[in-house]
Amino acid sequence: MNPAGSIVFFTTASGAGYGLLFWLGLLRIFGLVPADARFGLVSLGVAMLLITMGLLSSLAHLGHPERAWRAVSQWRSSWLSREGVAALLTYLPAVLFGIGLLGGIPALAVPMGLLAAAGAVATVYSTGMIYASLKPIRQWHHPLVVPGYLVLAAFSGAVLLAMLGAFWGDGAVPAVLALLTGAGGVLLKTAYWRGIDTAPPEATAESATGLGRIGKVRPLDPPHTQTNYLLREMGFRIARKHAAKLRRIALAAGFGLPMLLALVALLTGGPAATALLTLGAILALCGLLVERWLMFAEATHTVTLYYTGT
Amino acid sequence: MTSLPEIKPGQKKLGLVIDLDTCVGCQACATNCKEWNTSGHSAPLPDFHPYSAGAEGVWFNRVHSFEAGEGEQGRTVHFPRSCLHCEQPACVTVCPTGASYKREEDGIVLVNHDTCIGCGLCAWACPYGAREMDEDAGVMKKCTLCIDRIYNENIPEERRVPACVATCPTQARHFGDLGDPESAVSKLVRERGGYDLMPEMGYKPVNKYLPPRKRASVEAKPVEDAPTPMDIKNPLLRWMDRVLTR
C-alpha cells in the first residue's frame, strides 16, 4: 500500500496527541504528574496541537477536503466515520478540561479529563479498526493491528508526558509508563511482524481468477502497458526490499533508545533527565514515523494478484 | 446510506456472467465501456498524458490474460475484470459520507460523485480492484452496470444492456437478473458451473464467471484418412458416403 505522507503523519502525530491527552487526563487525578495548572495547560496544548495538526494533515489526503464534514454521517457502518465523530466529540471534554485547569475548578477538570481520556481511546481504537476491518489487506486485517495502534499511542503519549513532566521537575511516573508501554510495543510489533511474515496469503491468483481448477495461474499480459491508480495505490513495493532494516530502525529509534534514555533519566533525575527525556521523545516520534510508514509499505492488497500473481 | 439494504429472498440482483471459455481478449468490452462511460453517468473518465509516454486513465473494465496449468493441459485465459456488484460490498459500508451505496431495487453499487470526499478507503476495501479514483475530479468512480443504458427509454429495448455486453463479438458477456433462478443468466450459471471470484473474502459477488470448457483429451487425434463430403467429386459416391455415415 502506498504510504501517503499525510496519513503517516496523521497517525503518528494524532496518535501521540491522543496518548498524551489520555495519560494527562488519567494521571492528574491521582497526582502522579505535576499538579501545577500551567503544566496541565501546556501538556493539554501540546496534545491538542498534535491532534489538530494530524487531523488537518489527514484532510490533505482527500480529493475534496471541503466536503470532509460529510464524513461524520455514516457512523453506523463506517469506522472512518466513527473515527471522525470520536475525534470531534473528544474536543468538547478536552476544551472543558482546559477551562477547568485555567479556572482552577477540579470539579470540572477531573471529569472532563477522564472523558477526554476516554475519547482519546475511542478515537485511536476507531483509527485502528479502519485498517483492521479491511479484508483485502492481510497485513492490516490482523488481530494485532488495533492493539498496535493503542499501544503506540500510549507509548508516544507517555514519552511526551515524561518530557513535559521533567520540565516541571517530575516526569518519573510517565517515564515508567513509557518503559512499560515501550516494552509492550516491542513485544507486540515483533509478534506482529512474525505473524505477517509466516501467515499464508488468504487469497491466491488461483482463487482470484477461479482458474486454479486448471492448474497454477501466472499473469501473462496486463490490461495496459502503463501503470494506473490501482498499482500506484495498492501495488507499492519499494520498501519491502528494506523491510528488515527499517524494522530494526523502528525498533531501535522508536522504542529501544527512548526506553534506554527514560531508564537513565529515572536513575539520574535533575536537569539531565529533562534533556534525556526530550531526546527520547524526539527519537520515539521519528522512529514511529518510520514504523507507521512501514505499516503501509509492507501491506499487500489482493488486487496485485491480478497483476503480479502475488 | 452506507448501511446495506436488507437481503430479501427473490430480490433482483442485476449482474454480469462472463464466459472465460469464449472470451478472446479482444479488449472490445473495455473500449466500449470507456467510450460509453466517459460521456454517461460517470463522465468524464480522465486520461492523463494520452498522447505521450505514461498514458493512463480510469477504466471500469480491464482485460487481463493469464496462463493456467502446465504442459498440454496449460492454456491462456483472457480475463475481464470489473465491479462484481457484491451482495456484501465492504466498499459501501466503509464509506464515511454515504456517497457509496447499494441500490435496494436492483443491487447495483454506485457512487454519488457530488458527496464523495475522495478518501479512497472504498478502493482499499475492494479485493477486486473495481474502484478507481478520478484524480482529476477528486472523486471515486466505478462500473455502474451502465445504469444509464439498461433503464434508458431513449434507446431501442434490445440495446438496453451494458456497453460491454452489447459490444462483445463472441457473446462472452451476459447480462441479467441473477436473483431470479429462472433467468437466462441463472440457468447459464447452473449449466456451466459458474463461480465467484475470491469467495474466501466473503463479499458474495453477484457477477459470475464461467470456467473454460474442458478440452478434448489429447489422445483424440483427428481421423486423417476420412474424406469430407467436399473431397468426393462423384455425386453417387457422395450420396453413398452420406448414407453410410448415418
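In strand E4 of chain B, B:Ser65 is the bridge partner of A:Asp221. The structure is a predicted model, in which local features need pLDDT of at least 70 and side-chain atom pairs count only at pLDDT 80 or more, while totals for chains, interfaces and linings use all residues. Residues are numbered from 1 along each chain as its sequence is written, chains are lettered from A and ligands numbered from 1 in the order in which they are written, and side-chain values use heavy atoms, with hydrogens and water left out.

The pairing of A:Asp221 with B:Ser65 belongs to an antiparallel arrangement in which four bridges join strand E1 of chain A (residues 217-221) to E4(B); two strands are taken to pair if DSSP finds at least two bridges between them. Helices (H or I, at least four residues) and strands (E, at least two) are DSSP runs, numbered from the N terminus.

Between chain B and chain A, about 5,000 Å² is buried, 59% of it on carbon and sulfur atoms, where buried area is the accessible area (1.4 Å probe) that two parts lose on being put together, summed over both. The contact (heavy atoms within 4.5 Å) takes 64 residues from chain B and 60 residues from chain A. Four salt bridges are counted between chain B and chain A, a salt bridge being a side-chain nitrogen of Lys or Arg within 4 Å of a carboxyl oxygen of Asp or Glu. B:Glu56 and A:Arg232 form a salt bridge, with their closest N and O atoms 2.4 Å apart. On the side of chain B that touches chain A, the elements giving two or more residues are strand E4 (61-68), strand E5 (75-82), helix H3 (121-125), strand E8 (132-134) and strand E9 (139-141) of chain B, and the largest share, seven residues, comes from E4(B).

Within chain B, B:His85 is located in the loop between E5 and helix H2 (90-93). B:His85 is buried, with a relative accessible area of 0%, where buried means under 20% relative accessible area, exposed over 50% and partly exposed in between (1.4 Å probe, protein chains only). Leaving aside neighbours within four places in sequence, the residues in contact with B:His85 include B:Leu14, B:Ile108, B:Cys143 and B:Val206.

B:Arg103 lies in the loop between strand E6 (100-102) and strand E7 (109-111) of chain B and is likewise buried, with a relative accessible area of 17%. Residues up to four places away in sequence not being counted, B:Arg103 touches B:Pro5, B:Ile108, B:Leu110, B:Ile147 and B:Tyr151.
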